[in-house]
Amino acid sequence: MMYDATGQRIFRHDLVMFEKTTGAEHDRGLVVSLGKTDIIVVLVDGSEVEKKPCDLTVVDRSFLCPGMAVALVSDCSAQPGVITGVATKLDLVQLDANDRPRVVATGVSPAEVWPVRELTRGDYVVSGMWLGRVVEVSVDVDVLFNDGTAVCRVTNAGDNKLRVVSKKSYWNRHKDGFYPGDGVAGDASVLKASRWIKGHWKPSHGEGIVAKVEMGGVLVYWAASLQNASSPPPAYHPNPCNLTFLCPGGTDLRWSWCVSAHCYFRSRSPAKAPKKKHRRNSNGILIRMAKVKRADRRLTGVKWPMAVANTRTTVDVPWQDGTRQLGVPSASLLGLPLRSQKDFFPGHRVVSKVLSPTPTIADVTNATSRVGVIKSLSSKDQTVLLHEIAIVKPRNVDVILREMGDWVSDDDEGEDDAFHKKAQEDMPRHRPAPTDNTIGKLCNIFLAVIRTLSGMVVQGKMYMLSKSMASTSSRAEPAMAENIQTCPLRFEAAAASALASHDAGGDDVFHFKHFDVVQSPRDHHYLDTNEQGGCGGRKWLKRVQKEWKILETSLPDTIYVRGFEDRMDLLRAAMVGASGTPYHDGLFFFDLHLPPSYPAAPPQVKYHSFGLHANPNLYPSGTVCLSLLNTFGGKGTELWSPESSSLLQVVVSIQGLVLTAQPYYNEANYAAQAGTPEGRRNELPYCENTYLVNLHTMLYLIRRPPVGFEMFVRDHFCRRGQHVLRACEAYLHEGCPVGTLDGEAIATETSKDRSCSVGFKLALANVVPRLVEAFTEVGARTSNEVDRM
């Protein structure tokens, strides 16, 4: 990032001013490129110069347009606003033979002028009831030769028929970048075959001057129409006058009124207009008109355009708090990218969100009664003031059910039916709830038994597999037999250790192996895939066994992986969110598939999202966006390598590069905002939203854990549930920012730097009661945390 002499950040397409050098005619220009140390600036005549950022001052931003989110340059961490109106005034000049500017008019409205070419690629146009987009424009150029007695018209001049031979400007880079006054040359075959409007071709006619530029044919892609519209117009239009320009559609500066842009006054016949030294523009302002003498022109017959020498842009901005400013200078504003669909502004129509992970019909009905229009929003507190709209005639539930047809019920056992919930609440509970101590003992004993027996079965089958493929296995049979014989002793020790640790009240009750091989689960995302890796042959099998060995010995403490003996091409991984991040104490599950082409191709990975957007790289659809998986751009070591990449690298990269402390910067192109006021303003609300998603993911997992990890999920939240509630208490009552607590959910020094928003506290307070209920069901100690909250 670069900053001007006043400390303001410089953006591409900014109008900047600088001090004139000796013999220079221009003191301002348009920023077109930001290098590492220098900035490329285009002057009024189209020439380019290099400038140091400290020598520049931003004076205007004519590229601002309605709908853009902005903030004040003086305090870009404050509330944002949205541009609703833009007013631009242009100062126009004409350049003489030596490119010296001569003022033609000042304070001109863009509505009073038109560009040299009215349409460019990407523009949206209308014809009848059809909307289309310009995909190609051909340019016809009239070339005037030096003797002034011959003129020829070169059609489709942009197809390498002509080339600019005079001093090239920034705009000549485009293939159709021809402007009146440019010196051009063409091959004899091209000029000879062209249409000669005046005179005829001579061998001496090698170079000439562009006298006129007109649009030829236009190719349009017709995208949409009004209902019951007739068939679309033809794609190719030899006469562009039949098309109506709607709005620009590309990033090309040729549609924007910026410095050095070429234009004409909309009066097509200025010679017929009465001769006046002054005229009034559309706002009634008197404009001094400079008299253009024919003697000042290098050649008669050239339709000389004007160039924009300066722009002055003001905008109207309604801010999030409901206030509105008119005529704000564009240079005092900074363009902001909207973070997500949760960025609300006054006037937005909103519906309250259903926060329950298992919403009932009643929840949905109540939610639809909360409809309103945003009146104001506090960006600091993340709270919204609504004009609430009441539903005058709420629809009956029976009517909704009839419209929905057959209702697909949840087939989970023990799930309350929404229609009989009240009746069940009125019935007495006959089964007393077991104590936390009883649940813990039973869980740990059951876990130890299951894990040990599963290990015996899998090791026995692996032994048979290794025996049948002795050429591809390096395991020793005596060692395997010895391991099987010692299993009963390990079972007794594990069960005794589980009881002792729980009676001691310690947290070390997790006896879930970091890596194990079990039977494939029925809910694996890739279970029904046609490309089963087992058909990859002996080489594929040997690579998978190697990967298993690496995972068995090298997994971090917060990652758990399961391989499957009956489907060696599948794996399932679970990750524990690290402290110091908005993912702390959460669980995140991923299903992996090794295709037959593995390791030439990377594994396929699917995230258990439950339809939530936990991270920019973890889509609600379950897609994992990562360079290592070839689902995101990258280069070098960032990409998958069959020789050096491994499954361990995949799972560690997901935890280290995706589940980070600041997920905001994982958004595309947002990494450049790190350390800037814009980034600091956006990162905290983003973390708060991410933590709320983390909590809802916990609720989903407790209700419906992945198969094979039921006890793992239960034991994790039995141990860490009190820490999650302790963190919620710190956020609610101490105002600690999300992700600043230590592993025991205790505030650190960084927790004092900032405070979480009021809106986050309100949303968190709605989730906490459901967390308490869910953690209590799995046996977590929640009484102390509930008392404090």
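Is histidine 13 buried or exposed? Select it and have a look: its relative accessibility is 13%, so histidine 13 counts as buried. Keep in mind throughout that this is a predicted model. Histidine 13 sits in the segment before strand 1, which covers 15–17. Now check its backbone: phi of histidine 13 is near 80°, a positive value in a residue other than glycine. Most residues other than glycine have a negative phi.

**Salt bridges**

A search of the whole structure turns up 14 salt bridges. Side chains of opposite charge can pair when their charged atoms come close.

Start with lysine 52 and aspartate 38. They form a salt bridge, with 2.8 Å between the closest N and O atoms. Lysine 52 is in the loop between strand 4 (48–51) and strand 5 (57–60), while aspartate 38 is in the loop between strand 2 (28–34) and strand 3 (39–42), so the pair ties together parts 14 residues apart in sequence. Color by accessibility if you like: lysine 52 is partly exposed, with a relative accessible area of 41%.

Next, select aspartate 187 and arginine 163. This is another salt bridge, and the closest N and O atoms are 3.7 Å apart. Aspartate 187 belongs to the loop between strand 15 (183–185) and helix 1 (188–193), and arginine 163 to strand 14 (residues 163–164), so this pair links parts that are 24 residues apart in sequence. Aspartate 187 is partly exposed, with a relative accessible area of 44%. Arginine 163 counts as partly exposed too, at 46% relative accessibility.

Jump ahead to glutamate 749 and lysine 752. Their salt bridge has its closest N and O atoms 4.0 Å apart. Glutamate 749 is exposed, and so is lysine 752.

For something beyond a simple pair, select Asp523, Arg572 and Asp591: these are linked in a network of salt bridges.

Which residues make the nonpolar surface patch of about 400 Å²? Show Val135, Leu219, Tyr221 and Tyr236 together, and you have it. Tyrosine 236 is in strand 18, residues 236–237. With 47% relative accessibility, tyrosine 236 counts as partly exposed.

**Two backbone stops**

Go to the peptide bond from tyrosine 598 to proline 599. This bond is cis, with omega near 5°. Most peptide bonds are trans. Proline 599 is in the loop between strand 32 and strand 33, the latter being 604–607.

Then find asparagine 669, in the loop between helix 9 (647–658) and helix 10. Its phi is positive, about 70°, although asparagine 669 is not a glycine. At 73% relative accessibility, asparagine 669 counts as exposed.

**The largest nonpolar core**

In soluble globular proteins, nonpolar side chains tend to be buried together. Here, the largest nonpolar core has 40 residues. To see those with the most contacts inside this core, select Tyr691, Leu695, Phe712, Tyr731, Leu764, Leu771 and Phe775. Which elements give two or more residues to the core? They are strand 31 (570–576), strand 32 (587–593), helix 10 (677–703), helix 11 (710–734) and helix 12. Helix 11 gives the most, with 10 residues.

**Along helix 12**

Now show the side chains. The buried residues of helix 12 are Gly759, Phe760, Leu764, Val767, Val768, Leu771, Val772, Ala774 and Phe775.

Zoom in on phenylalanine 760, in helix 12 (residues 758–777). Its relative accessibility is 2%, so phenylalanine 760 counts as buried. Draw a C-alpha to C-alpha distance from phenylalanine 760 to tyrosine 731: the two are 29 residues apart in sequence and 8.8 Å apart in space.

Technical notes:
Residues numbered from 1 in each chain as written. Heavy atoms only, no water. Patch = residues over 30% accessible without salt bridge, like charges linked within 9 Å, V, L, I, M, F, W, Y side chains within 5 Å. Areas by Shrake-Rupley, 256 points an atom, 1.4 Å probe, with all protein chains shown as cover. Salt bridge = Lys/Arg side-chain N within 4 Å of Asp/Glu carboxyl O. Helix = DSSP H or I, 4+ residues; strand = E, 2+ residues; numbered from the N terminus. Buried < 20%, exposed > 50% of the residue type's maximum accessible area, 1.4 Å probe, protein only. Core = buried A, V, L, I, M, F, W, Y, C linked by side-chain atoms within 4.5 Å.
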